[in-house]
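Biologist: I am new to this structure. Can we go through how to read it, one feature at a time?

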Amino acid sequence: MINQERIKNLLLELIKIDSHSRKEREVAQVVKRRCEQLGAEVEIDDAGEKVGGNTGNVIARFRGTIPGAEPIMMSAHMDTVVPGEGVRPIIEGDIIRSDGTTVLGGDDKSGIAVILETIACLKEQNIPHTDIEAVFSICEEVGLLGAKNVDTSRLRARYGLVFDSDDPGFLFTKGPSANHLEFRVYGLESHAGVAPEQGISAIKVAAEAIAAMKMGRIDEETTANIGIIEGGKATNVITNFVYLKGEARSLDEAKLEAQTRHMVECFHKAAAPYEVTVDGKRTRARVEEKVEREYSAMDVPDSSRVVQLVFAAAARLGRQVKTLASGGGCDANIFNRKGIECANLGTGMRAIHTVNEWLDVKDMYASAEIAIEILKLNGELVQRNR
Ligand SMILES: [Zn+2]
């Protein structure tokens, strides 16, 4: 049903194009050209200017063969995480992996390949289908910034699929809310050998805060992490400043609130006992925190149009797709909040965000086959319901 060589070659072509977040221009141009060759009207929006990137989201509108039918959205992101430049794919049978120095970029170039192959097959095989609005986003990996800046009032689709997860047997329909946290810990600088009594170590305050903190998996629905810590200039100086970045996520808003509050409290409690008086001037350790909502949870019910469509399409292929909750956020979190009901179907990417990333092309083929069947079935249902 699909052209395996073609989709595999497209994936290989895409992953060799550097596209760290905010630097997706080259891959955006390739995607734009491919979409135009498939007959789409393509625009690149102004999201790049808004987020400081070198290109916007690629929005491609494919005309369907069923006039007047409501369009469906298909989406994947164009950016990859660091280290993702100069990817040299190693092909071992059906497995494609990086050479161990970079990520592979199957996250999410495999999603782009699945969408383009699906549309190519619909055209070639004259499969009746509705209009398709394809959104190839930028900056997914740095806070879903491309999706956040898609002007959905200019899209007609109110349901669709994101192709940005691992196993094509799974459809992610639930995802967490996430808070982004930053902490600035202020101590007091002093010579570590001559006058340690006159200093307050921001490193020690931060360390005590972290040691007291619940991190990692908090419960089934909740996770937390401190991912960045920076501070200090020399071993003989008591460090007066440490900067930390972290996050908390939960499928449950109240749990997210509680975990976020706990992390902030750990810093303030750790700082509280530290104070010194030097030349009559009293200095206390203090912490400034910044808490921002990065994205909000998604929760698409199994009874929804899009999930039912995926279930039915998979069943027609003799496959089973199961709905699942993800611990990660993706563009679907944003689209759902913007009124486009969508779920996230797997494309075969594995061990993502590591230099061990790999992909089994058979999974990507399966994902594309399911996608074609979804579009085909959707067209049939739209026509039948007229
Ligand atoms: Zn991704």
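Modeller: Start with one term. Contact means heavy atoms within 4.5 Å. Keep in mind that this is a predicted model. Now take Thr152. Leaving aside neighbours within four places in sequence, Thr152 is in contact with Arg158, Lys338 and Ile340.

Biologist: Where is Thr152 found?

Modeller: Thr152 sits in the loop between helix H5 (145-148) and strand S7 (159-165).

Biologist: Is Thr152 buried or exposed?

Modeller: Buried means under 20% relative accessible area. Thr152 has a relative accessible area of 11%, so Thr152 is buried. Arg33 lies in helix H2 (residues 25-37). Its relative accessible area is 47%, so Arg33 is partly exposed.

Biologist: What share of the residues in the protein is buried?

Modeller: Buried residues make up 53% of the 386 residues. The protein has 10 helices and 22 strands. Its C-alpha trace spans about 85 × 40 × 35 Å along the principal axes.

Biologist: How should I read contacts along the chain?

Modeller: Look at sequence separation. Among contacts in the protein with a separation of 6 or more, 78% come from residues 24 or more positions apart.

Biologist: Now a helix. Which residues of H6 are buried?

Modeller: Helix H6 covers residues 202-211, and its buried residues are Ala202, Val205, Ala206 and Ala209. Seen down the axis of H6, these buried residues fall within an arc of 95°, so they line one face of the helix.

Biologist: What do the buried residues of H6 pack against?

Modeller: They pack against strand S9 (177-186), strand S14 (241-250) and helix H7 (253-271).

Biologist: What is found at the start of H6?

Modeller: There, a side-chain oxygen of Ser201 reaches to within 3.2 Å of the backbone nitrogen of Ile203.

Biologist: How is a pair of packed helices described?

Modeller: Two values are used: the angle between the axes and the distance between the axes. H6 and H7 pack at an angle of about 135°, and their axes are 8 Å apart. H6 and H7 are therefore oblique to each other. Their crossing is right-handed.

Biologist: Which residues make the contact of H6 and H7?

Modeller: From H6 come Val205, Ala206, Glu208 and Ala209. From H7 come Cys266, Phe267, Ala270 and Ala271.

Biologist: And what separates Arg33 and Arg293?

Modeller: Arg33 and Arg293 are 260 residues apart along the chain, and their C-alpha atoms are separated by 36 Å.

Key:
Residues are numbered from 1 along each chain as its sequence is written. This is a predicted model: local features need pLDDT of at least 70, side-chain atom pairs count only at pLDDT 80 or more; totals for chains, interfaces and linings use all residues. Side-chain values use heavy atoms; hydrogens and water are left out. Buried means under 20% relative accessible area, exposed over 50%, partly exposed in between (1.4 Å probe, protein chains only). Helices (H or I, at least four residues) and strands (E, at least two) are DSSP runs, numbered from the N terminus. The arc is that of the directions from the helix axis to the C-beta atoms. A polar contact is a pair of N or O atoms within 3.5 Å; within protein, one must be able to donate a hydrogen and the other to accept it, and residues adjacent in sequence count only if both atoms are side-chain atoms. Axes are lines fitted to C-alpha atoms, for helices over the stretch in contact, and angles run from 0 to 180 degrees between N-to-C directions. Angles under 35 degrees count as roughly parallel, over 145 as roughly antiparallel, 65 to 115 as roughly perpendicular and the rest as oblique. A crossing is left-handed if the near helix is turned anticlockwise from the far one by less than a right angle, and right-handed if clockwise.
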